[in-house]
Amino acid sequence: MKKLIATAIIGAGVLSASASVYAADKLEEVKARGVMKCGIHPGKAGFATPDTKGNWTGLDAELCKAVAAAVFGDASKVEFITMNSRNRLTALVTDEIDMLARSTTFTATRDGLNGVDVTIPWFYDGQALMVKKELGVNSIEELDGATICTYPGTTSEKNINDYFESHNLSYSALIVEGSAESNAAYLANRCDAVTNDASALAANRQGMPDPSANIILPERISKEPLGAYVKQGNDAWRQVVTWTAMALIEAEEMGITQGNVDSKLTDSKPAVMRLLGTEGSLGENFGLDNKWAYNAIKAVGNYGEIFERNLGKGSTLNFDRGLNNLYTKGGLLYAYPFR
């Protein structure tokens with residue numbers, strides 16, 4: 001797929017000048033359409049859920065809004081399209097969506113074989129298992145011989161198999177299509193445990209009749225860097241999605257918030273001026289208005305604000321920042337230099 005896309009681009013004669021690269025890229029297609037199509041989870045608390053009026057909120061949904069704000073200066077110009085685990089990457093390749101922000105793990109296979117490109121990790125997660133408290137199970141080791149609910153075609157399915165095999169443990173897999181079906185099977189005692197990213201298990205637990213009756217075991221059996229994907233071969237568009245996410249991380253490091261970003265427009269610090277577009281041409285270099293990062297921050301706030309609103313102490317999930325804190329505070333979040 002990578003070779004075919006590269007051939008198509010070269011055949012169109014679009015590599016001779018930056019302006020013509022933009023013309024052939026997804027970025028210009030999105031601009032001309034006037035709305036950005038973002039693939040999201042059909043309902044994952046903290047990441048993508050609709051309110052009673054159909055307005056989507058969550059860590060992933062707000063990244064979509066930030067990209068729309070960066071491109072159009074208007075966060076409302078995004079169309080949310082729900083994706084299941086089977087069709088999410090295909091939808092990018094067939095241009096059904098422009099970006100995928102659906103808690104999808106970055107892996108070498110997906111990046112190398114599926115005709116898609118990774119952007120930047122947006123949430124660092126790890127796979128875990130959840131069991132009913134009444135079982136008295138405190139570690140994965142005690143699940144030898146258990147039946148485990150998992151999803152088809154996901155990294156979760158492969159990870160659980162690898163973990164049990166490498167630890168000389170046995171299990172039976174009950175393959176179910178999605179989180180709703182998995183929860184139903186788990187609550188009906190068709191499986192002893194359910195496995196997924198820890199954030200997904202915590203979100204699903206909130207929707208159960210008695211969340212406190214279920215515990216997430218302490219072990220993390222995989223690394224799950226989740227982030228947005230774009231279609232391969234659309235370099236200008238990949239840059240827009242990637243650097244918009246980085247701008248929100250950089251804003252947190254600089255102390256720029258949704259509430260004070262207007263006052264920061266008169267800040268004389270060179271780094272702040274470059275980020276907010278009052279100096280230099282970073283926005284123009286990406287084919288955007290120079291206030292692209294300002295528009296994104298103004299629309300949704302910095303990364304820390306988004307996290308706290310959807311996953312942190314101000315949310316029902318009550319997650320610690322952990323690995324999703326800035327590198328200056330012991331986490332892994334690190335934006336590349338804005339210069």
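## Charges over rings

Let's start with a lysine: the charged end of lysine 132 sits over the ring of tyrosine 186, 3.7 Å from the ring's centre. Lysine 44 does something along these lines too, lying over the face of phenylalanine 47 at 4.0 Å from the ring centre. To count as sitting over a ring, NZ of Lys or CZ of Arg has to be within 6 Å of the ring centre and within 35 degrees of the ring normal.

## Where this comes from

This is a predicted model, where local features need pLDDT of at least 70, side-chain atom pairs count only at pLDDT 80 or more, and totals for chains, interfaces and linings use all residues. Numbering runs from 1 along each chain as its sequence is written, and side-chain values use heavy atoms, with hydrogens and water left out.

## Rings that pair up

The structure holds 14 aromatic pairs. Rings of Phe, Tyr and Trp (its six-membered ring) pair if their centres lie within 6.5 Å; planes under 30 degrees apart are stacked, over 60 edge-to-face, and the rest tilted. One of the pairs is tryptophan 243 with phenylalanine 338, an edge-to-face pair at 5.1 Å centre to centre and 85° between the planes. Tryptophan 243 lies in helix H10 (residues 235–254) and phenylalanine 338 in the segment after H14, so this pair ties together parts that are 95 residues apart in sequence. Helices (H or I, at least four residues) and strands (E, at least two) are DSSP runs, numbered from the N terminus.

Are tryptophan 243 and phenylalanine 338 buried or exposed? Both are buried. Here buried means under 20% relative accessible area, exposed means over 50%, and partly exposed is in between (1.4 Å probe, protein chains only).

Phenylalanine 47 turns up again here: ring pairs link Phe47, Trp122, Phe123, Tyr303 and Phe307 into a cluster.

Asparagine 204 belongs to helix H9 (residues 198–206) and counts as buried because its relative accessibility is 12%. Apart from neighbours within four places in sequence, asparagine 204 is in contact (heavy atoms within 4.5 Å) with Tyr151, Ser179 and Asn183. Serine 179 is 25 residues from asparagine 204 in sequence, and their C-alpha atoms are 7.6 Å apart in space.

Now for some backbone angles. Most residues other than glycine have a negative phi. Asparagine 189, though, has a positive phi near 65°. Asparagine 189 is in the loop between helix H8 (179–187) and strand S10 (193–197), and is exposed, at 54% relative accessible area. Asparagine 318 has a positive phi too, about 55°; it is found in the segment after helix H14 (303–310) and is partly exposed, at 43%.
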